[in-house]
Number of protein chains: 2
Amino acid sequence: MRALNLTEPRRAVLEVVRQAHDHPTAAEIMERLAARGQRYAYATIYNSLRYLTEHGLIRELNLGNGISRYDGRLESHQHIVCVRCGAIAETLVDVPPEIARRMEGETGYRVNQVSLHVTGLCPACQAQESVIR
Amino acid sequence: MRALNLTEPRRAVLEVVRQAHDHPTAAEIMERLAARGQRYAYATIYNSLRYLTEHGLIRELNLGNGISRYDGRLESHQHIVCVRCGAIAETLVDVPPEIARRMEGETGYRVNQVSLHVTGLCPACQAQESVIR
DNA sequence: TTTCTTGCAAAACATTTGCAAATCG
DNA sequence: CGATTTGCAAATGTTTTGCAAGAAA
């Protein structure tokens, strides 16, 4: 169970996630596969996404609204979501490692993963805001 | 629409959230109200929670699994969730403010809110892990 | 054969919505 | 009255599950 078993649907899902530069949801991934003529059941899409996530080939993002999005970029980076239109931007700004260490000291937990959950207004929505008022 | 209109269900929801020291979900809040003899429709619970959140009386937490939890503590603090049992701990460790500024510079967004999304293993689950292997 | 994987449909679950009735100012 | 709020039930949307069939080891 250690070796990577990239079945056809898993490989297809992986390709779609890697090629996307937005951060597609499971439903969007299914659509894009369908557009290529590859039709899989929801169960298969979700199974593949879990498999790929657990094997570290993709990242699952939970950006606040309860819908999982998937990211093929593995280098450490963070996301910022526009509260108005939902646009997602990426940034290389990262969390200093001593934060995890201090949290461990305070709580007794062993920290696994630290990610930032940032919301704001994207440039386009900032422009609109100033028009409105 | 500026003044605070704390109707009976809103006040009741607020009390439950403030008294809780876990971070209850909407369903848990409804149960606890029912246990006190106060029965409200889901719509009312959710409306009240949104109202209280928008008016800054409580915080809505999205700790990764898509279920909203609510917190009556308003002082800035962060949460860490156990990946194994879901236990939530609080910590005062916070995100340095220059992180938000650097993100703004990188993305052009105007940052609203930065919160940490930390996962790990709670002390109890750490103990069990070492027993298992 | 045993194990893993897929497909389908149904189920589960959290949350939202439409609309009528009640309440408040 | 006019605006807001509540209750109920149904709808929505995402994700999971049960189970049978298929593929792989």
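1. Lys and Arg count as positive and Asp and Glu as negative, with His and the chain ends not counted; each charge is placed at NZ of Lys, CZ of Arg, CG of Asp or CD of Glu. On this basis, the 16 positive and 15 negative charges of chain A have mean positions 3 Å apart.

2. This is a predicted model, in which local features need pLDDT of at least 70 and side-chain atom pairs count only at pLDDT 80 or more, while totals for chains, interfaces and linings use all residues. Residues are numbered from 1 along each chain as its sequence is written, chains are lettered from A and ligands numbered from 1 in the order written, and side-chain values use heavy atoms, without hydrogens and water.

3. Chain A has 5 helices and 5 strands (DSSP runs, H or I of at least four residues and E of at least two, numbered from the N terminus). Their order from the N terminus is α-α-α-β-β-β-β-α-β-α.

4. Of the 133 residues in chain A, 39% are buried (under 20% relative accessible area; exposed is over 50%, partly exposed in between; 1.4 Å probe, protein chains only).

5. The structure contains 2 aromatic pairs over all chains (Phe, Tyr or six-membered Trp rings with centres within 6.5 Å; planes under 30 degrees apart are stacked, over 60 edge-to-face, the rest tilted). The rings of A:Tyr42 and A:Tyr46 are stacked, because their centres are 6.0 Å apart and their planes at 25°. Both residues lie in helix α3 (residues 42-54) of chain A.
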